[in-house]
Amino acid sequence: MLGTAADRTALARAFAHASAWLKGLDHRAVATTASLAELRMRLARPLAENGLDPSEVIDRLVADTEGGLLGSQTGRFFSWVIGGSLPSAMAADWLTTVWDQNAGIRACSPAASVVEEVAAGWLLDLFGLPPESSVGFVTGTQMAHVTCLAAARHAVLSDRGWDVERRGLSGSVPVRILVNIERHVSVDRAIRFLGLGSDSIVPLPVDEEGGILAEGLSKALADTSQPTIVVLQAGELNRAAFDDFQTLAPLAREAGAWTHVDGAFGLWARTSPVHAELAQGMELCDSWTTDAHKYLNVPYDSGLAFVRDAAAHRAAMTVSTSYLPQDGAARDQLDWNPEFSRRARGFAVYAALQELGRRGVAEMVERTSHHAQALVAGIGRLPGAQVVATSRLNQGLVRFLSPAPGATQDDHDRRTDAVIASINRSGEAFFGGVTFRGQRCMRISVCNWRTGDADVRRAIDAARAALA
Ligand SMILES: *Cc1c(COP(=O)(O)O)cnc(C)c1O
């Protein structure tokens, strides 16, 4: 088969498989059921001399990956911070694939450019960030950090008369980066990618709640010999801790430092009147990152980079060459993104924001936070369980104590990992473990729009059964 008939048959097969997958979310095991050996046996065929019919390729792909896909699309997946996909976002993402636009510059897809322009405006407004900020639609918070910190690197070195884009880092004054000791590892990786080196990272002590201590920051900022970037966070990965932006951001600004925020999921707190207080003062910072594939529930991969100083953002990213028409009539994405050719990932973001509306975004944040708190409390009340941390957003930690007489911390750690494994094996719900301040804990994270009261009840029941 050639041309549109083959296209249509393959897509129709994909649609049938997709419908079956979505219908099965409530009864299929959340954990995977196939071993790596099984998956390799099915998938690692020798590459044949002759190709196959497209529909057959799709049928085989579905059959061979059976049991090897994690149920992160269900409402009973609470591990890591993953999120699901809204119907309009999934559908828009399919169309993005079918349209196959190269969203690198406006000339390759005017619609993709304008959709990003519009969605960027909606997002700045939704988050209450400075309206003059520029926005990059990247693959995730990891690359959003790279993008924002490249802008920061440009700005703090330019303040010292150093053009980093032209001269590179050799010979420049070393940049110093002050960070929360409980930050996400993607911050360090972005710093490495940018050639600033992990030795440039200065971790600052935090209070009991996980926020950087103002005295610690003031003391560090008193040394003005080096250009400085401060990285704060909105939503630390275990307890969704927030730095005190209102206090810290003005200190950094006064000292001439650039303040960047890791808001991978915590930035969304600003969309809800119930949770906005957690992130008060964040608008005083200079750059912000977040994910759309987590809280906004669009398919992977989708992250967002926001930069107050659009000129610094553009200086760090832009590139031009004679074969590309970049006329400035609309957004040329390569002015704001590290990629050259790229997926038109703005379509799914644009769709999700319209499906939810302002109220729907806020309501999703409120609902998932309510479910996370109910899970922490419900599991924490079970015999042998202990609440380690609750949060005012969507994360929490519990721990399971060994019933053995004279049990040690190590026994409790082992018991915690064993209970997590047992819940996951049941297929009823899926959680992850973490070592938090020296203790093994079960992490509870809710950011899937599908999670409902029934899912919470099933997960608590699964924990009860695992403890019995
Ligand atoms: C998920 C996460 C990241 C990394 O985001 P990616 O989208 O995976 O690149 C960074 N920081 C925090 C707090 C996160 O939760």
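This is a predicted model: local features need pLDDT of at least 70, side-chain atom pairs count only at pLDDT 80 or more; totals for chains, interfaces and linings use all residues.
Which residues in H6 meet which residues in H8? On the H6 side they are Gln142, His145, Val146 and Leu149, and on the H8 side Ser186, Val187, Arg189, Ala190, Ile191 and Phe193.

**H6 against H8**

- H6 and H8 pack at about 50°, and their axes sit 9 Å apart.
- That angle makes H6 oblique to H8, and the crossing is right-handed.
- Sorted by class, the residues of this contact come out as 6 nonpolar, 3 polar and 1 charged.

**What surrounds H8**

- Helix H8 covers residues 185–193, and its buried residues are Ser186, Val187, Asp188, Ala190 and Ile191.
- Ser186, Val187, Ala190 and Ile191 turn up again in the list of H8 residues that meet H6.
- H6 (141–158) isn't the whole story for the cover over those buried residues, which also includes strands S2 (176–180), S3 (201–204), S4 (228–233) and S5 (258–262).
- As a reminder, an α-helix has 3.6 residues a turn, so positions three or four apart point the same way.

**H1 against H4**

- Helix H1 (residues 4–23) packs on helix H4 (residues 87–99) at about 160°, with 14 Å between the axes.
- Since angles over 145 degrees count as roughly antiparallel, H1 is roughly antiparallel to H4.
- The handedness of this crossing is right-handed.
- From H1, the contact uses Leu11, Ala14, Phe15, Ala18 and Leu22; from H4, the partners are Met90, Trp94 and Val98.
- By class, that contact has 8 nonpolar residues, no polar ones and no charged ones.

**The S8-S9-S11-S10 sheet**

- Four strands form an open sheet in the order S8-S9-S11-S10, paired antiparallel.
- S8 (385–389) and S10 (432–436) are the edge strands, each pairing on one side only.
- Ignoring direction, neighbouring strands here are turned by 40° against each other on average.
- Leu397 has Arg443 in S11 as its bridge partner.
- Helix H13 (residues 409–426) packs on this sheet and touches S9, S10 and S11, its direction making about 30° with that of S11.

**Backbone spots worth a look**

- Tyr300 and Asp301 are joined by a cis peptide bond, with omega at about -5°.
- Asp301 belongs to the loop between strands S6 (287–291) and S7 (303–307).
- Trp80 isn't a glycine, yet its phi is positive at about 45°.
- You'll find Trp80 in the loop between helix H3 (54–65) and H4.
- Trp80 counts as partly exposed because its relative accessibility is 44%.
- Arg437 is another residue other than glycine with a positive phi, near 45°.
- The loop between S10 and S11 is where Arg437 lies.
- With a relative accessible area of 39%, Arg437 is partly exposed too.

Terms used. Residues are numbered from 1 along each chain as its sequence is written. Side-chain values use heavy atoms; hydrogens and water are left out. Axes are lines fitted to C-alpha atoms, for helices over the stretch in contact, and angles run from 0 to 180 degrees between N-to-C directions. Helices (H or I, at least four residues) and strands (E, at least two) are DSSP runs, numbered from the N terminus. Angles under 35 degrees count as roughly parallel, over 145 as roughly antiparallel, 65 to 115 as roughly perpendicular and the rest as oblique. A crossing is left-handed if the near helix is turned anticlockwise from the far one by less than a right angle, and right-handed if clockwise. Contact means heavy atoms within 4.5 Å. Ala, Val, Leu, Ile, Met, Phe, Trp, Tyr, Cys and Pro count as nonpolar, Asp, Glu, Lys and Arg as charged, and the others, Gly among them, as polar. Two strands pair if DSSP finds at least two bridges between them. Buried means under 20% relative accessible area, exposed over 50%, partly exposed in between (1.4 Å probe, protein chains only).
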